Amino acid sequence: MGVDRTSSFYESRPRSGEQIRQAFLAFFAERDHVIIPSASLVPEDPTVLLTIAGMLPFKPVFLGQVERPAARATSSQKCIRTNDIDNVGLTARHHTFFEMLGNFSFGDYFKQEAIEWAWELSTEVFGLDPNHLVVSIFRDDDEAEKIWRDVVGVKPQRIIRMDEADNFWASGPTGPCGPCSEIYYDFNPEFGDESIDLEDDQRFIEFYNLVFMEYNRDAEGVLSKLANCNIDTGMGLERMAQILQGVTNNYETDLIYPLLEKAATLAGIIYYQVDDNKQTSLKVIGDHIRAVTQLICDGVKASNLGRGYVLRRLLRRIVRHGRLIGIEKPFLVEMGGCAIKLMESAFPQLSERRDLILNELEREETRFLETLERGENLLSDLIAAKPTIITGQQAFELYDTYGFPLELTEEIAKEHNLKVDLKGFKEAMEEQRQRAKAASVSIDLTIQDAVSRMAVDVEATSFQGYDSLEQSCLVRALAVNGESLQRGDVGQRVEVILDVTPFYGEGGGQIGDCGSLSIDSSIADGTLITITSVTRLHDVFVHSGYVERGSLQVGDKVQAHVNLICRRRAQAHHTATHLLQAALKEVIDPGISQAGSLVNFDRLRFDFHSPRAVTPSDIEKLEGLINGWISQAHSLQVQEMSITQAKAAGAVAMFGEKYGNEVRVVNVPGVSMELCGGTHVSNTVEIGVFKIVSESGIAAGIRRIEAVAGPAVFDYLNERDVVVKQLGEHLKAQPNEILERVLSLQDEVKVMNKALLMAREDLAIAKVMALITQSKTIGRSQVLIERLDSVDGNALQHAAQSLVARLGNNSAVVLGGLPLINDKSKVILVAAFGKEVVLSGLHAGKFIGAIAKLCGGGGGGKPNLAQAGGRDSKALNSALEAARKELDLAFSLHGT
């Protein structure tokens with residue numbers, strides 16, 4: 001049941017994806033909703049891997065953990081879900097990346113306004129014919145039915161009651177929840193209103209979901225009314241585009257179809273002229289390239305863990321489907337460029353990070369093509385071991401780890417008269433699918449621990465630590481050994497929430513302060529709490545430590561003291577981090593961007609995207625530039641301004657920070673300007689000195705620098721001084737002589753190793769020469785096949801060549817053994833043939849490679865000399881016997 005693309009309705013209502021997005025946001029902005037920019041695909045919420053829903057950025061607001069950004073909000077949120085990845089391209093509307101248009105009310109309007117506006121938007125702005133619309137409601141939601149029927153005017157027979165599984169939204173086992181109502185588009189209203197089945201996705205598509213968050217569910221499952229009811233809605237941009245553009249699926253809309261066309265052109269095919277399988281591959285490529293481009297833009301790097309694994313899996317699926325439609329050359333960079341161009345108007349950061357995105361695509365594609373080749377080799381090794389079947393787990397590993405298509409595994413296995421355990425493969429696939437679903441499909445608004453629950457019930461902590469390190473505070477809440485209590489006593493671990501605090505809470509890469517809380521500190525038995533760390537639950541600061549003396553109760557007035565020495569160390573490292581980023585832009589590349597950071601009392605760590613490696617010369621330049629800025633005594637300027645003003649001034653955003661409308665800008669005049677909430681020195685001269693202690697690559701395109709600044713430099717130098725003195729004592733050398741002494745020792749070791757190698761070779765030759773009498777005459781040829789353990793490959797080759805030289809041009813020598821007698825996992829085999837043997841048609845490389853397969857390995861080499869290896873030491877003797885029989889047969893036939 002397709003859509004009539006020629007109908008006058010679709011001709012008169014063209015709507016591009018961009019127009020739909022703007023119309024939605026404008027509609028709600030006119031109704032006093034604040035437009036909130038899309039949050040990153042990398043969420044702040046630790047309970048989910050990626051941003052999977054439009055409401056996720058507002059989760060802390062719904063929990064009451066942070067102040068609402070406005071009473072009403074609207075957004076177009078980019079999202080990624082991979083729980084149904086195998087349905088992408090097969091159905092009309094499954095995607096990994098999608099945009100969710102939403103309007104939200106935080107304790108302001110409720111059902112009637114949400115329903116009326118949803119209908120007005122759908123019918124008057126987007127021009128949908130009311131006769132094409134059907135709504136669903138929760139089975140017990142009489143209020144919603146009354147609004148749809150009596151206020152909006154929807155016919156009763158087109159209001160469908162549905163059960164809890166479909167129309168009751170819950171954040172988790174406990175917490176906020178409520179009924180929902182959905183609007184469906186009916187592609188075939190002429191079929192009538194009798195027996196409407198909303199599960200018929202050929203006729204109906206759900207495009208707008210309204211969640212009425214009006215209840216709280218407790219641990220016993222009892223529902224109670226929330227004091228403030230909320231609205232959370234979601235409209236799928238791609239689905240609305242399908243409807244308004246009159247196409248049969250989301251992929252053929254202007255949001256995705258240009259990507260399908262690009263991939264088809266690269267494959268030399270035409271989308272509408274190929275079969276379903278090729279269309280599916282084109283859809284997968286179009287969907288996934290949008291996802292990976294956005295993920296890389298938001299700082300995700302391909303890896304084998306977490307969201308990095310999601311990115312890598314999507315990238316490899318693109319390449320695999322490209323091969324299925326005939327694209328043999330690398331093509332991700334071209335597809336990525338097309339995706340950026342298609343989405344940059346809505347997401348300008350894609351253009352800003354274009355080079356980074358395309359470089360990552362190129363690197364990962366190159367790496368995968370090498371991995372794919374390894375997969376092919378692995379399958380060859382599996383077949384060489386002569387199994388009775390390719391197990392499901394083996395086939396799945398090839399598919400999942402190496403991107404090796406199951407169909408290709410089956411095809412190659414069939415050529416060797418082998419079958420693939422398809423049932424086992426499906427079981428392994430289902431296990432992975434369940435793991436993915438468990439990790440990615442739900443947003444849990446349940447508050448799990450005592451500290452989180454306390455944080456919900458108190459007001460935001462007022463941070464005074466920029467100006468003062470001592471503060472009189474009131475204890476607002478207290479957890480003792482993880483349990484919310486009114487009192488904590490000596491020896492107990494406590495988490496304390498204060499009304500105000502001078503303690504910096506961990507954030508923006510900077511460690512939290514340490515120090516103490518005290519009551520009556522002037523007397524010996526006054527209360528003293530040692531604070532070891534301070535963290536933040538959104539705007540609430542949690543001070544963790546233990547009661548060292550006295551007791552602490554909720555309501556107590558305490559004096560907070562920040563450890564001055566630790567604070568100064570953190571300040572020096574934080575300002576030095578800003579200087580380091582500025583120096584990297586000058587020395588390495590202006591496009592350097594931060595990928596992560598850590599600022600603590602002992603050191604700093606800075607991860608950054610870099611187009612090349614950092615050389616020793618670069619390190620020297622960086623240190624010189626930074627220490628120069630330090631000695632120039634720049635006074636820092638710290639200002640609060642609007643985010644718009646800050647960006648216009650050129651301020652750089654720090655990794656991991658979330659910014660509101662008002663931001664704090666830290667400016668080192670003429671050197672660095674960054675948005676930062678951390679603590680800093682007032683003048684660069686306070687840093688003292690800066691020293692890089694290490695530089696390394698931690699992932700493709702990402703480098704890491706670790707450094708020390710201020711007092712931590714002296715700790716570092718003292719530690720190195722101790723090492724230098726100990727080396728001097730052991731080597732009997734002065735500090736300036738140590739390098740020369742070490743180089744001399746290395747030369748001595750090289751000479752000794754060379755002599756040892758020669759001795760081993762001589763020993764191996766001596767051993768085999770003693771076996772020369774064991775050679776066997778076959779026709780006119782001399783054949784020697786023996787086992788020789790505890791000899792490495794080079795020595796074994798030299799021994800075989802020496803034997804051939806002694807036995808003559810019409811000789812063949814095969815030697816095998818375990819190079820390490822205690823290591824049964826490695827077998828070495830060597831074959832050496834004389835000139836006459838080679839002229840007769842025998843090839844040492846091919847011969848020994850076939851013998852090595854009997855030991856679970858392989859190898860090869862030249863016609864006269866070759867080496868191979870294996871993993872099955874138990875099969876070595878039988879492999880040598882097989883070699884003997886092969887040569888017996890060969891020489892008997894050739895009469896060599």
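Trainee: α18 passes α19 in a right-handed crossing. What makes a crossing right-handed?

Mentor: The near helix is turned clockwise from the far one by less than a right angle. Two cautions before we go on. This is a predicted model: local features need pLDDT of at least 70, side-chain atom pairs count only at pLDDT 80 or more, and totals for chains, interfaces and linings use all residues. Residues are numbered from 1 along each chain as its sequence is written, and side-chain values use heavy atoms, without hydrogens and water.

Trainee: At what angle do α18 and α19 pack, and how far apart are their axes?

Mentor: Helix α18 (residues 564–587) packs on helix α19 (residues 616–631) at about 130 degrees, with the axes 9 Å apart. That makes the pair oblique. Roughly parallel needs under 35 degrees, roughly antiparallel over 145, roughly perpendicular 65 to 115; the rest is oblique. The axes are lines fitted to C-alpha atoms over the stretch in contact, and angles run from 0 to 180 degrees between N-to-C directions.

Trainee: Which residues meet between α18 and α19?

Mentor: From α18 come L579, L580, A582, A583, L584, E586 and V587. From α19 come D618, K621, L622, L625, I626, W629 and I630. Contact means heavy atoms within 4.5 Å. By class, the α18 and α19 residues are 11 nonpolar, no polar and 3 charged. Charged means Asp, Glu, Lys and Arg; nonpolar means Ala, Val, Leu, Ile, Met, Phe, Trp, Tyr, Cys and Pro; the others, Gly among them, are polar.

Trainee: Now α9 and α13. What are their packing angle and axis distance?

Mentor: Helix α9 (residues 276–297) and helix α13 (residues 354–384) pack at about 120 degrees, and their axes are 9 Å apart. Again the label is oblique. The α9–α13 crossing is right-handed. V292, T293, I296 and C297 of α9 meet L356, I357, E360 and L361 of α13. That contact of α9 with α13 has 6 nonpolar, 1 polar and 1 charged residues.

Trainee: Which residues of α8 are buried?

Mentor: In helix α8 (residues 257–267) they are Y257, L259, L260, A263, A264, L266 and A267. They pack against α9 and α11 (332–343). An α-helix has 3.6 residues a turn, so residues three or four places apart point the same way. After α8 comes G268, with a positive phi near 75 degrees.

Trainee: S195 is no glycine, yet its phi is positive, near 55 degrees. Why does S195 count as exposed?

Mentor: Its relative accessibility is 73%, so S195 is exposed. S195 sits in the loop between β7 (175–186) and β8 (204–217).

Trainee: S790 has a positive phi as well, near 65 degrees. What makes S790 partly exposed?

Mentor: A relative accessible area of 46%. S790 lies in the loop between β30 (781–787) and α23 (793–807).

Trainee: How do you know that V689 is partly exposed?

Mentor: From its relative accessible area of 29%. V689 is in the loop between β26 (672–675) and β27 (690–699). Setting aside neighbours within four places, V689 is in contact with N627, I630, V708, A709, G710 and V713. V689 and V713 are 24 residues apart along the chain, and their C-alpha atoms are separated by 7.2 Å.

Trainee: And D467: why is that residue exposed?

Mentor: D467 has a relative accessible area of 76%. Its place is the loop between β10 (462–463) and β11 (470–480). From D467 to R704 is 237 residues in sequence and 32 Å in space, C-alpha to C-alpha.

Trainee: How many helices and strands does the whole chain have?

Mentor: The chain has 26 helices and 34 strands. Both are DSSP runs numbered from the N terminus: helices are H or I, at least four residues; strands are E, at least two. Of the 896 residues, 51% are buried. Among contacts with a separation of 6 or more, residues 24 or more positions apart account for 68%. The C-alpha box along the principal axes is roughly 105 × 85 × 55 Å.

Definitions and conventions:
Buried means under 20% relative accessible area, exposed over 50%, partly exposed in between (1.4 Å probe, protein chains only).
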